[in-house]
Amino acid sequence: MSIKFLIMEELNEPILFSNPSVDLSSLPTTNTLEWQSLAPKYYQLNLARAGLGSLVILLFMVGFTFANGMQVYALTWIIALPVWAILSIFQFWIAARRFAAEAYSLRDRDILHRKGVLIQTETIIPFNRVQHVSIKRGPLEKYFGLASLNIFTAGGQSSDLEISGLPVQRANELKDFIAEKTGSDVID
Amino acid sequence: MSLTETRLFSLPTRQSPVAIILILLRLVRTLFRQLWPLLLVLLFNPRGEVGGYITPFIIGIAAISALRSIISYFRYYFYIQDRELIIERGVLQHTRTAIPFDRIQSISLNQGPIHQLFGVSSLDIDTAGSSGSELSITALSVQEANQLRTYVLSQRAPISSQEVSDDESEEEVSPSIAPTSKKLLLELNIPDLLKIGVSQNHLRTAGILFAFSLSVLDDLEQVVGPEIYKMMEERFGEIFTSFIWASVILAVFFLIISFALSLLFSVLRNYQLRFYRTDIGFQMQAGLLDRREQTISLPKIQFIRWSANPFQRFFKLYRLRLYQASSIAVSAQGAMTVPGCYDAQLKNVQEAYFPDWSETEKTLHGVSRYLVRRRFIIHGLLPAGLFFLINLGSPLQGIIGGVFWLIFSYFWNVRYQRYWKIWLSEIGVEAHYGLLTRHRYLLHWRHLQSTKVRQSFIQKRLDVADLLLYTAAGTLHIPYLPVEKAKAIRDFILYRVESSQESWM
């Protein structure tokens with residue numbers, strides 16, 4: 001496997017904390033992590049999604065005009081078009097930034113994922129809490145040869161993790177790796 | 001369990017015939033709820049012309065639904081096969097649901113007034129897993145219900161031997177099952193009930209009542225016809241010449257009514273509440289008309305939360321909730337709510353959930369001062385600005401009101417921020433927040449499922465972040481921690497979760 005593992009010595013040999021107060025400075029941190037970025041094609045996928053999104057809105061606007069028998073005031077279009085343009089630009093901007101914002105990282109005992117342009121989140125799921133792992137591929141993702149990895153815990157929908165923009169092979173490797181990790185935890 | 005009982009449920013069994021009555025009653029209730037404006041029209045029949053086609057329409061719908069309900073009773077079977085509880089049902093479309101015993105989290109028996117009358121009980125089966133389905137059997141004789149529950153729970157895998165004791169709950173109903181150790185922690189007497197009733201959130205009831213009466217008024221206008229409605233309005237208009245007087249009187253009226261209502265409901269709901277500590281967890285029975293019973297086993301409790309509003313603080317009462325992992329997890333139903341308990345019971349629950357919490361050394365942390373700024377903008381500036389805009393006609397009033405609100409909001413939020421207290425230890429966390437109603441929660445790290453550190457673009461500039469702790473029973477949330485601290489806390493929790501073999505359930 002080509003994945004780089006960042007194994008933390010501290011975790012391999014559980015240390016008994018003799019200091020009862022929480023010493024925040026001596027903990028394994030995530031600051032020195034090596035983040036894996038996503039497939040370059042994911043950048044194109046995001047742009048394609050943004051393009052499709054604004055196209056759908058434009059079509060909807062045209063359709064609305066036709067449905068009204070072309071009886072829409074010119075003023076409506078004069079206002080609606082710039083609004084549409086600004087929204088589209090915003091959408092493209094977000095889509096372009098998203099690629100740089102998203103990354104994941106595997107460690108010996110957990111998986112990390114960060115994402116978000118306006119609201120950034122960093123999720124960490126320990127392997128011993130993973131319920132199951134699955135791979136999802138939408139039509140656009142299939143076209144770009146990408147896949148999404150879904151990791152489920154018992155913590156409900158908002159705590160589940162979806163890593164999108166993975167090459168199919170990498171997604172499968174990750175799935176197998178996590179399944180193996182969690183499986184071994186169950187046997188323990 | 002004896003073989004005879006095993007055989008008993010191995011054949012497809014119907015529910016008790018009482019189920020027909022219950023199903024029909026449920027139908028009547030639904031129909032009434034959907035159609036009551038129409039029924040009102042029929043009763044008063046202000047113009048005499050509507051009744052003609054509405055009556056057969058209603059009767060038709062009622063008859064078809066009733067027929068369907070009765071058929072559904074005869075098409076409903078349950079049985080046990082290969083350590084699975086199987087339920088087959090459906091009138092047009094046949095459904096077969098198989099629940100493996102091991103996936104059954106809990107089975108609770110519930111008796112409404114009609115159940116009590118006929119000596120039957122409904123069975124609610126809660127399953128774990130993402131499928132999120134909860135199944136229930138409408139009516140089964142109490143004896144059968146107990147047999148079924150005891151059998152299923154005793155056949156269930158690891159903790160089965162203890163889990164049977166889960167059952168002696170039904171002392172009054174089934175004395176045959178030997179009671180095992182069960183300690184009564186709390187029994188509410190009448191003064192307690194009144195205290196709990198008085199300290200309910202009456203404002204919320206008033207709000208619901210207000211919304212409800214608005215919708216009723218809306219319907220009423222259609223029902224009685226615009227002329228009568230207008231006449232009524234005019235007559236009321238004479239009395240309530242001033243809008244302010246009208247709203248003050250209305251508000252007082254709604255408050256009084258809602259006070260009485262929430263008191264009544266609270267007493268009915270919590271009548272003879274008994275809260276037990278059992279071998280495996282806790283149990284609660286309560287209710288006058290609808291006697292409900294809830295059992296929760298210790299390993300399933302993910303976190304506990306307790307709160308006290310000013311009234312409850314006056315009575316030294318707490319509202320205590322035990323959040324358990326279940327298929328309906330993230331909703332409120334997954335929790336056991338003790339509407340009122342005292343310090344002793346609270347201590348007992350804390351002790352059971354988190355044995356050495358009080359002795360554990362903790363460090364105290366607060367949230368960032370920036371929280372004041374954010375809350376001041378949302379709860380202070382925004383409403384004040386709106387108030388000013390509404391009162392543009394009399395700017396002085398707008399300015400005075402706005403400034404007053406801003407000052408109030410500022411001091412309120414400064415205190416709110418100071419009141420956020422987080423006690424961290426190696427094994428768990430306790431947090432306090434809220435000014436008017438004071439909330440507290442207690443979480444053992446081993447119940448943690450995953451964590452998230454969240455930063456909006458504004459928070460990023462301020463170098464603060466929210467920390468979200470996900471459990472199988474819901475999410476706990478610590479806002480506005482300095483980023484470094486949020487990440488350090490998260491890293492520590494993960495270290496705890498990942499380096500221990502303790503299971504979360």
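Thr451(B) stands opposite Leu469(B), which sits in strand 19 of chain B. Strands here are DSSP runs of E with at least two residues, helices are runs of H or I with at least four, and both are numbered from the N terminus. Strand 19 covers residues 464–471 of chain B and is joined to strand 18 of chain B by six bridges, antiparallel. Two strands count as paired if DSSP finds at least two bridges between them.

A word on what you are looking at. This is a predicted model, in which local features need pLDDT of at least 70 and side-chain atom pairs count only at pLDDT 80 or more, while totals for chains, interfaces and linings use all residues. Residues are numbered from 1 along each chain as its sequence is written, chains are lettered from A and ligands numbered from 1 in the order in which they are written, and side-chain values use heavy atoms, with hydrogens and water left out.

Back to strand 18 of chain B, residues 448–456. Eight of its nine residues are buried, where buried means under 20% relative accessible area, exposed means over 50%, and partly exposed is in between, with a 1.4 Å probe and protein chains only.

Within the chain A part, strands 2 and 3 pair antiparallel over four bridges, and Tyr104(A) has His113(A) in strand 3 as its bridge partner.

Next, helix 3 of chain A, residues 74–101. Its 28 residues should span 40 Å at 1.5 Å a residue, and the end C-alpha atoms are 40 Å apart, so the two agree. The expected span is 1.5 Å times one less than the number of residues. Which residues of helix 3 of chain A are buried? They are Ser88(A), Ile94(A), Ala95(A) and Ala101(A). Their cover includes helix 2 (40–67), strand 2 (103–106) and strand 3 (110–115) of chain A.

Chain A has five helices and seven strands, in the order α-β-α-α-β-β-β-β-α-β-β-α from the N terminus. Of its 188 residues, 38% are buried. Chain B has 16 helices and 20 strands, and 47% of its 505 residues are buried. A contact means heavy atoms within 4.5 Å. In chain B, 57% of the contacts between residues at least 6 apart in sequence join residues at least 24 apart.

On to the interior. A nonpolar core is a set of buried Ala, Val, Leu, Ile, Met, Phe, Trp, Tyr and Cys residues joined through side-chain atoms within 4.5 Å. The largest one has 64 residues, and Phe275(B) and Phe282(B) have the most contacts inside it. Helix 16 of chain B, residues 483–499, gives the most to this core, with seven residues. Apart from it lies another core of 23 residues, including Leu45(A), Ile125(A), Leu146(A) and Leu166(A). Leaving out residues up to four places away in sequence, Phe275(B) touches Phe282(B), Met336(B) and Val349(B), among others.

Last, confidence. The model scores ipTM 0.78 and pTM 0.72. pLDDT is the predictor's confidence in each residue, from 0 to 100. Chain B has a mean pLDDT of 80, with 83% of its residues at 70 or more. Residues 158–179 of chain B have pLDDT below 50, and that stretch has 40 contacts in the model beyond near neighbours in sequence. Chain A has a mean pLDDT of 79, with 78% of its residues at 70 or more. Residues 1–22 of chain A have pLDDT below 50, with 44 contacts beyond near neighbours in sequence. Where pLDDT is low, the predicted coordinates should not be read in detail.
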